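Open the model in your viewer and keep the sequence panel beside it. This tour tells you what to select at each stop.

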Amino acid sequence: MQKVIARVTIQSALLSLCSALVATFLTPKNPPIVALVIFSLLATPPNFLWQQYLERKFPGYRVEKQESNVEIKGAQSAGGGVTIKKKLNVRNTLMKMGIEQTLGSVINVALHLGIVQALQGVPLSECLQVVKTQTWPLMIAGYKLWPLVSLLNHTLVPVEQRTVVGSLVNLGWGIFLALRSAR
């Protein structure tokens, strides 16, 4: 698990770097590249573990065993006339999405705003002011993208590929955040 976390963290940091570098070409004021990359390095491991916890607590799929001699579309044979089919657990998927889009989002957005400011040497009182004034506008901007990404990720993307899909979408989101940080 530690190797996976390290790989995902490095991948996330590199994507943050790419996002920030692209943003430098789109705005006259350079984004805080180092602060954005450091934040990515700090935030990815707990977020990865959080996603693992949510998947354990609210499994996205139920495994149904059916005795059958007939091949079922989307099912795997377990031998002996038993077929295993994974079925989306709608309740658990909605629970995960709800938790991600409320508690997870507020924490991540507030930490992003505060830590990126702090890493640039901004005094704590000003960092807290930024968190206070910019969290909700950034949350509202995020609600235009992330619920759809979350829904598609939990319903169409295999669990082992979700980080990659999220990272690719996050490349564009990272450009948005870098441009916002450069203001």
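Is V63 buried or exposed? V63 is exposed, with a relative accessible area of 54%. Here buried means under 20% relative accessible area, exposed means over 50%, and partly exposed lies in between (1.4 Å probe, protein chains only).

Before moving on, note the ground rules. This is a predicted model, in which local features need pLDDT of at least 70, side-chain atom pairs count only at pLDDT 80 or more, and totals for chains, interfaces and linings use all residues. Residues are numbered from 1 along each chain as its sequence is written, and side-chain values use heavy atoms, with hydrogens and water left out.

**Stop 1: strand β1**

Stay on V63. It sits in strand β1 (residues 61–67). The C-alpha atoms of V63 and K85 are separated by 5.7 Å, although the two residues are 22 apart along the chain. Show the contacts of V63 (heavy atoms within 4.5 Å). Not counting residues up to four places away in sequence, V63 touches I84, K85 and K86.

**Stop 2: the whole chain**

Zoom out and colour by secondary structure. The protein has six helices and three strands. Helices (H or I, at least four residues) and strands (E, at least two) are DSSP runs, numbered from the N terminus. Along the sequence the pattern reads α-α-β-β-β-α-α-α-α. Buried residues make up 36% of the 183 residues. Among contacts between residues at least 6 apart in sequence, 68% join residues at least 24 apart.

The accessible surface comes to about 11,200 Å² (Shrake-Rupley method, 1.4 Å probe). Carbon and sulfur atoms account for 66% of that surface.

**Stop 3: confidence**

Colour by pLDDT, the predictor's confidence in each residue, from 0 to 100. The mean for the protein is 86, and 89% of its residues reach 70 or more. Select strand β2 (residues 75–79): its mean pLDDT of 56 is the lowest among the elements. Helix α4 (residues 124–142) has the highest, at 96. Where pLDDT is low, the predicted coordinates should not be read in detail.

**Stop 4: the salt bridge**

How many salt bridges does the structure hold? It holds one. A salt bridge is a side-chain nitrogen of Lys or Arg within 4 Å of a carboxyl oxygen of Asp or Glu. Select K96 and E55, whose closest N and O atoms are 2.5 Å apart. The pair links distant parts of the chain: K96 is in helix α3 (residues 90–119) and E55 in helix α2 (residues 33–57), 41 residues apart. K96 is buried, at 1% relative accessible area.

**Stop 5: helix α5**

Select residues 146–156, helix α5. Its buried residues are W146, V149, S150, N153 and H154. Look down the axis of α5: these buried residues fall within an arc of 120 degrees, so they line one face of the helix. The arc is that of the directions from the helix axis to the C-beta atoms. On the other side of α5, L148 and L156 are exposed.

Pick out S150. Its relative accessibility is 5%. Leaving aside neighbours within four places in sequence, S150 is in contact with M97, E100 and Q101.

**Stop 6: helix α1**

Finish at L17, in helix α1 (residues 2–24). L17 is partly exposed, with a relative accessible area of 31%.
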